[in-house]
Amino acid sequence: MTILVDADACPVKDEIYKVAWRHDVAVKVVSNSRLRVPDHPLIERIVVSDGFDAADDWIAEAATPRSIVVTSDILLADRALKAGAMVLAPTGKPFTLASIGPAIATRAIMADLRAGMGDGMGGPPPFSKSDRSAFLQALDTALVKLKRG
């Protein structure tokens, strides 16, 4: 089992490490730039080129039915799901084969609205303590489910 982290903008890396250590699961922290990661045998830093979608491409190729991908990128989530991986957003919300289509459609609508309105729309709500807590529980649950097969 492996946790693959889309790390450049991931707000829950520390939480991932703690849960991974408790479950004795490897973590691959994938980013376009060198990030600080704990010096631990279960944690591997993977720095890819700064090319467009390089980290996403690496994660999508590494994703298997025995991995959990942590990302807020809906298109990467779609690719990882198609590879059989479980996918969690940093808020703890799981992406599923049933939910990914509507998520992609909403993403496209929001992109069109932003293009028409400029930057006046704002962005997603700020990351909260409850998001962090929901993520911890969701990751723990996902790992238990993967272990059971």
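Author: In what follows, Ala, Val, Leu, Ile, Met, Phe, Trp, Tyr, Cys and Pro count as nonpolar, Asp, Glu, Lys and Arg as charged, and the others, Gly among them, as polar. By these classes, the lining of the second largest pocket has five nonpolar, two polar and four charged residues. A pocket is an open set of points on a 1 Å grid over the protein atoms alone, with protein on both sides within 12 Å along at least five of seven lines, and lining residues have an atom within 4 Å of a point. The model is predicted: local features need pLDDT of at least 70, side-chain atom pairs count only at pLDDT 80 or more, and totals for chains, interfaces and linings use all residues. Residues are numbered from 1 along each chain as its sequence is written, and side-chain values use heavy atoms, without hydrogens and water.

Of the 11 lining residues of this pocket, Asp-6, Thr-71, Ser-72, Asp-73 and Ile-74 are the closest to its centre. Thr-71 lies in the loop between β4 (67-70) and α3 (74-82); helices (H or I, at least four residues) and strands (E, at least two) are DSSP runs, numbered from the N terminus. Thr-71 has a relative accessible area of 2% and therefore counts as buried (under 20%, with a 1.4 Å probe, protein chains only). Its side chain forms a polar contact of 2.8 Å with that of Asp-6 (a pair of N or O atoms within 3.5 Å, one able to donate a hydrogen and the other to accept it). Beyond its neighbours within four places in sequence, Thr-71 is in contact (heavy atoms within 4.5 Å) with residues including Asp-6, Leu-76, Val-87 and Phe-95.

Terms used:
Buried means under 20% relative accessible area, exposed over 50%, partly exposed in between (1.4 Å probe, protein chains only). On a 1 Å grid over the protein atoms alone, a cavity is a set of points where a 1.4 Å probe fits but cannot get out, and a pocket is an open set with protein on both sides within 12 Å along at least five of seven lines; lining residues have an atom within 4 Å of a point.
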